[in-house]
Protein chains: 2
Amino acid sequence: MKKVLIAYRLKEEGLRELEGKYVVTLPREKSYFTKQEVMEMIPDYEVFVPNFSFYTDKEIIDRGGKLELISNYGVGFNNIDVDYATHKGIAVTNIPNSTREPTAEFAFALLMAAGRRIGYYDRKLRTPEGVSWGVYAGGGLPVYGKRLGIIGMGRIGQSLARRAVAGGMEIIYHNRSRLDPMTEEQYNARYVSLDELLQTADYISLNAPSTPETFHMIGEKQFQLMKPTAVFINTARGNMVDEKALVQALKEETIWAAALDVYENEPHIHPELLALDNVLLAPHAGTKTMEDRISMSVEMVQNIIGFYEGSYNISRVN
Amino acid sequence: MKKVLIAYRLKEEGLRELEGKYVVTLPREKSYFTKQEVMEMIPDYEVFVPNFSFYTDKEIIDRGGKLELISNYGVGFNNIDVDYATHKGIAVTNIPNSTREPTAEFAFALLMAAGRRIGYYDRKLRTPEGVSWGVYAGGGLPVYGKRLGIIGMGRIGQSLARRAVAGGMEIIYHNRSRLDPMTEEQYNARYVSLDELLQTADYISLNAPSTPETFHMIGEKQFQLMKPTAVFINTARGNMVDEKALVQALKEETIWAAALDVYENEPHIHPELLALDNVLLAPHAGTKTMEDRISMSVEMVQNIIGFYEGSYNISRVN
């Protein structure tokens, strides 16, 4: 039987399909194995399952002499040195299906909440200072009738577009490659350059993968291009944005607001962000519901079974 | 020239069409006229414009001996004694068009934010206590795949349904009268009794008008019928819900969460609500963006001009 090492205490109900066919090790007494613990155990295992916050680097891969598969519990795989895994002949898979709807849902929820100031109201109403109940003071920005620029128009980006269209938004997008005309038509989406997107969108959502090429793709220059009324949403990965430049743009009101689910040094949030009223903050919770997190386990398990038994299509990233 | 008394200092840019054709009085030095001030001035005016928080009662109507029209700055008109106005031969209008999309947008934003815990995260991340970044702890509820029960399937309810369908929700609704089959089909919406709605919906949104019949229509008995995982959203009017029973339901976790834009005694919010983590609070901000509030003025003005000149269709409520 193949041996599977899971670094996080995932719920049993998402792992049932492995029972009896694979030897599964996962933490029982605590939430996760440390890097040290993984280093000690990994030489015995053919399959390793990190979650998105566990860095699977050269050292771990080198130590896993029997490794055949890294089955990531996450859709983003910037936590894995994929190039090195490929070099060592190790397959890497991710879970795009179970994460698509929850992440797009969270992105749209953050977008609407930031525009309409829902986090701000809830927070301020609970302080002695309160908020104005008058007709105009402290109001938000409409979503309906506004232009959404989606950077990264893959599965999550398109799922966000579907919601945004129903919310009365116009869609523009930038992507490594242009979508086929039928898909564009489905969302009435227009392909534009990154600069045009930044300059003309009212809401800007980052939905691209984190790669060496997208590191700090949004920085001071990009915030300067945005409208002063722009709302910036990041549910992708923190390292794609220069967080210092973002703090500066919010403090100086170069843009109107931001909504963030991801950060450069999670779980650390830049202390100035915590003090700003024009940012909405979430703790990397894009897929954080019990149902979705269990569906993610099921998809992760199907990648393992599909890899060895061919009974499922798997999502390989290398 | 007809004389128009506006109780709130609405922005000039929404009132331009009245210029030169009507004599317009509105507060210049402060935000609103008090009841006393309105009582002093109203005998001279043919048209009165209250906003939704100004109670236009028998006393005011009796004092307005020349009144021909009350052009409400709001879609809900529970702030006006419409029966008495009718009895006195005074027309009453409201503004359903400019308020539809912003209110439905706000309702959906609250729904998503409450389910996915966006207000909670933003608030807690800014406290020393913080929130868990783990895989499961403190997660929310999905929206995608869940059933939305809409109470009051008029214009706002349908506009909410459009967004919810794109968000992957199934729609059930209760209404005074059943919709035509084509409209039902548009949202794949199923008409059910109020009790069935309360018992089977995952999210329940109140979008009916406030009338004597809907006063406290949601109380202890109704909360008891809901699922323990239900999320209740009210963007309609506070007096349709027994606020004490709602506080109890949230404290005892009879339901999972609520999101509220309206309250029984605005701008007063029940102090226990302010202390609860499973409620999301907004300050009657359903239409609160500058653009929407100006569009509302334009529609309110068109009701006046349409009433006297016939050049616009008007929304009469009596």
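**Exercise 1.** In this predicted model, work out in which hand α5(A) passes α5(B).

*Solution.* Start with the crossing: α5(A) goes past α5(B) in a right-handed sense. Next, see who does the touching: Ile118(A), Gly119(A), Asp122(A) and Arg123(A) on one helix meet Ile118(B), Gly119(B), Asp122(B) and Arg123(B) on the other. Now the geometry: the axes of the two helices, residues 118-125 in chain A and 118-125 in chain B, come within 9 Å and cross at roughly 55°. Therefore α5(A) and α5(B) count as oblique to each other.

**Exercise 2.** Find which element gives the largest share of the side of chain A that touches chain B.

*Solution.* Begin with the totals: chain A puts in 53 residues and chain B puts in 53 residues. Then list the elements of chain A with at least two residues each on that side: α4 (96-115), α5, α6 (155-166), β12 (279-281) and α12 (290-309). The largest share is nine residues, and it belongs to α4(A). By class, this side of chain A splits into 30 nonpolar, ten polar and 13 charged residues.

**Exercise 3.** Trace the open five-stranded sheet of chain A and find its edges.

*Solution.* Read off the order, β2-β1-β3-β4-β5, with parallel pairing. β2(A) (22-25) and β5(A) (91-93) each have a single partner strand, so one side of each lacks a neighbour in the sheet.

Conventions
Residues are numbered from 1 along each chain as its sequence is written. Chains are lettered from A and ligands numbered from 1 in the order in which they are written. This is a predicted model: local features need pLDDT of at least 70, side-chain atom pairs count only at pLDDT 80 or more; totals for chains, interfaces and linings use all residues. Axes are lines fitted to C-alpha atoms, for helices over the stretch in contact, and angles run from 0 to 180 degrees between N-to-C directions. Helices (H or I, at least four residues) and strands (E, at least two) are DSSP runs, numbered from the N terminus. Angles under 35 degrees count as roughly parallel, over 145 as roughly antiparallel, 65 to 115 as roughly perpendicular and the rest as oblique. A crossing is left-handed if the near helix is turned anticlockwise from the far one by less than a right angle, and right-handed if clockwise. Two residues are in contact if their C-beta atoms, placed from the backbone, lie within 7 Å. Ala, Val, Leu, Ile, Met, Phe, Trp, Tyr, Cys and Pro count as nonpolar, Asp, Glu, Lys and Arg as charged, and the others, Gly among them, as polar. Two strands pair if DSSP finds at least two bridges between them.
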